[in-house]
Amino acid sequence: MGALLRAWLHPEAHLGYELPDPIKASSAYFVLFMLLELAVSTYQGKKVYNLRQSLSNLSAGFFLVFLDVFTKALFIFPYSWLRSRVAIIPDDLELGWLHQVLGFLIVDHS
């Protein structure tokens, strides 16, 4: 694994401080707004949530997020392994990091 890929995967080691995790922050806001919507609908006397359907939808959403992470890992790790052994462009050149970023973007948007 090249130095730039390590810096991409672990930016806090390069910066000297830890970056906030956007997934944790967005999950907290998601739950907060869901509870707020439940409180407002209960106050107004509307039945918005069905417990079974809500749990099923949340489970499906979490499953899709985890599946997406593992699917991307199936492409990124072999790419990183092949890149470290068969790379034509070395990591220390400017084109080396560009090649890694382009590879990441292709996998990310596939």
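1. Helices here are DSSP runs of H or I with at least four residues, numbered from the N terminus. In this predicted model, phenylalanine 33 lies in helix α3. The chain as a whole has five helices and zero strands, and its elements follow the order α-α-α-α-α from the N terminus.

2. The chain has a mean pLDDT of 76, with 71% of its residues at 70 or more. Helix α2 (residues 11-15) has the lowest confidence, a mean of 59, while α3 has the highest, at 84. Where pLDDT is low, the predicted coordinates should not be read in detail.

3. Burial is limited to 9% of the 110 residues of the chain. The accessible surface amounts to about 9,400 Å², and carbon and sulfur atoms account for 71% of that surface. Among contacts between residues at least 6 apart in sequence, 45% join residues at least 24 apart.

4. Is phenylalanine 33 buried or exposed? The cut-off for exposed is over 50% relative accessible area, and phenylalanine 33 counts as exposed because its relative accessibility is 52%. Phenylalanine 33 also belongs to a nonpolar patch on the surface, formed with Tyr29, Leu32, Leu36 and Val40. Together these five residues have about 520 Å² of accessible area. An α-helix has 3.6 residues a turn, so residues three or four places apart point the same way.

5. Serine 41 is also placed in helix α3, which covers residues 22-43. Buried means under 20% relative accessible area, so serine 41, at 4% relative accessibility, counts as buried. Apart from neighbours within four places in sequence, serine 41 is in contact with Lys46 and Val48. Glycine 45 follows α3 and has a positive phi, near 80°.

6. The buried residues of α4 are Ser54, Ser80 and Arg83.

7. Aspartate 108 is found in helix α5, residues 94-108. With a relative accessible area of 26%, aspartate 108 is partly exposed. How far apart are the C-alpha atoms of aspartate 108 and phenylalanine 75? The separation is 9.5 Å, for two residues that are 33 residues apart along the chain.

Definitions and conventions. Residues numbered from 1 in each chain as written. Predicted model: local features only at pLDDT ≥ 70, side-chain atom pairs only at ≥ 80, totals over all residues. Heavy atoms only, no water. Helix = DSSP H or I, 4+ residues; strand = E, 2+ residues; numbered from the N terminus. Buried < 20%, exposed > 50% of the residue type's maximum accessible area, 1.4 Å probe, protein only. Contact = heavy atoms within 4.5 Å. Areas by Shrake-Rupley, 256 points an atom, 1.4 Å probe, with all protein chains shown as cover. Patch = residues over 30% accessible without salt bridge, like charges linked within 9 Å, V, L, I, M, F, W, Y side chains within 5 Å. Salt bridge = Lys/Arg side-chain N within 4 Å of Asp/Glu carboxyl O. pLDDT = per-residue confidence, 0-100.
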